[in-house]
Amino acid sequence: MSLESLLIINKSGGLIYNKNFNDNIEKNINSNDMLILASTLHSAFTLTNCILPEVLQKYSESYNDSKERKENEEELDVTDSERNKFPIKVKYYPIGNKVNITTNNMIANELLRETTMIGTELFYNKKDIIDYEQVSCIRHIDSDVLDVYFYQSITGIKFISISNKKENLGVDRMTCFMMRVYSLFSDVVLKNPFYSVEMPIRKNKLFDDKIQMLVEMENLV
Amino acid sequence: MSSNISSEKTNESSTVSQVDPDYQKEIFLKQLGEHVYQQNMKKINAEFFNVTYGSFVRTLIDFYDSDADKCNEKLKAMGESIGSRLIDDFYSKVTNQIPRCSNLKDLGNTIAYVGFKMYINTVPRVIFDETNRTIKFRFESNANIFNKFVELPDDIKEKKLYYSNIVSGIIKAALAGIALNCDVEFISDTLLDDQYTDIQISNVTRIKDEVPMGQ
């Protein structure tokens, strides 16, 4: 029982999905509070973009400097290729705990077969994932009671997982977990033709089940 | 693009290091596309796909009383709603192996070697025009899988219906998802008795305000 809840936030800061893994949370926090929490975390994330150290500024595309603000659109330039060469290495954690997967469990087998982040052969040095996307802003908030981990996809969807202090999970492991959630999200939710992009995910039972199974397989609950 | 990966690879294999970096990038992208296609993509029967797409275009033509312009527009609009979803799928499948594109050549190579390879298993030739700042994807006569089995009737051929125009919409919306604005259009099609099928990307601009915070 280390993961408390998982939030998915869209580009403009609205909460589109949340799942609580601890029953006590739902007694104490209602959905309105969850919305407020999500937008608070989003604005904290956005604000930290303004305090980027000078060394990193040339790598960041979105850095907000009010003095050197040029025009809004710029042509895709051939010369500024060094901007994009700032990879962050993340240690790869495979999906843990294969003990409780029986052959009858359809969802678990589907997950093992389909989740993109299983294949280590895709990574060149087999151990690290290279994360180019997030240069600045928050990855991890460490407090006395809770740990909050952030992962942002290239299109701006944020995945936030809140966990308690019973187990030290680490940024790398949670990044891997949230990348898997991203791959599930793009597979199960976005390919549904009746889901409209950037809107809250409601009544998607398949996604709920898969998330639950993924969390169990990762030993986070 | 992936400088540190390619340099590590050359160190491992201890080859001569005087290789053109652009060429190395191309090789890396080709390998990545092949790898993702083999490992992560679900496959369906191509002929089933052709027949489904064919009946769908046929219905559209009937609906608009064989008005080719409206059909082209509608196909592009459908492609745009597909592309805005597909960009997430693309990046979750390649699992961060490639960063945001920094120049036009990279953009063209990535779309051709990884994108087209992953989704329709054909790799078009990339023609990069330095002076006009455009990219062309050129399919040889039979390489475009949408066109298999298709023979357009004369009246539609005269009105210039681009049969696989959905692809241009997909590319446009997918690039819009990573904060790039561009125009994508078909400029020739083998079904209209041209020699090649050409898709052209022009006027690529980066919209700074749409880049998500933190990148």
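In this predicted model, helix H4 of chain B is followed by B:Thr95, whose phi is positive, near 45°. Helices (H or I, at least four residues) and strands (E, at least two) are DSSP runs, numbered from the N terminus.

The largest nonpolar core has 45 residues. Such a core is a set of buried Ala, Val, Leu, Ile, Met, Phe, Trp, Tyr and Cys residues joined through C-beta atoms within 7 Å; buried means 20 or more other C-beta atoms within 10 Å of the residue's own, placed from the backbone. B:Val94, B:Val114, B:Ile170, B:Ile171 and B:Ala174 touch the most other members. H5(B) gives the largest share, eight residues.

In chain A, five strands form an open, antiparallel sheet in the order S2-S1-S8-S7-S6. Strands pair if DSSP finds at least two bridges between them. S2 (15-20) and S6 (140-142) of chain A stand at the edges with a single partner strand each, so one side of each lacks a neighbour in the sheet. Seven bridges join S7(A) to S8(A). A:Tyr149 stands opposite A:Ser161 in S8(A).

Residues are numbered from 1 along each chain as its sequence is written, with chains lettered from A and ligands numbered from 1 in the order written. Local features need pLDDT of at least 70 and side-chain atom pairs 80 or more, whereas totals for chains, interfaces and linings use all residues.

Notes:
Buried ≥ 20, exposed ≤ 12 C-beta atoms within 10 Å, placed from the backbone.
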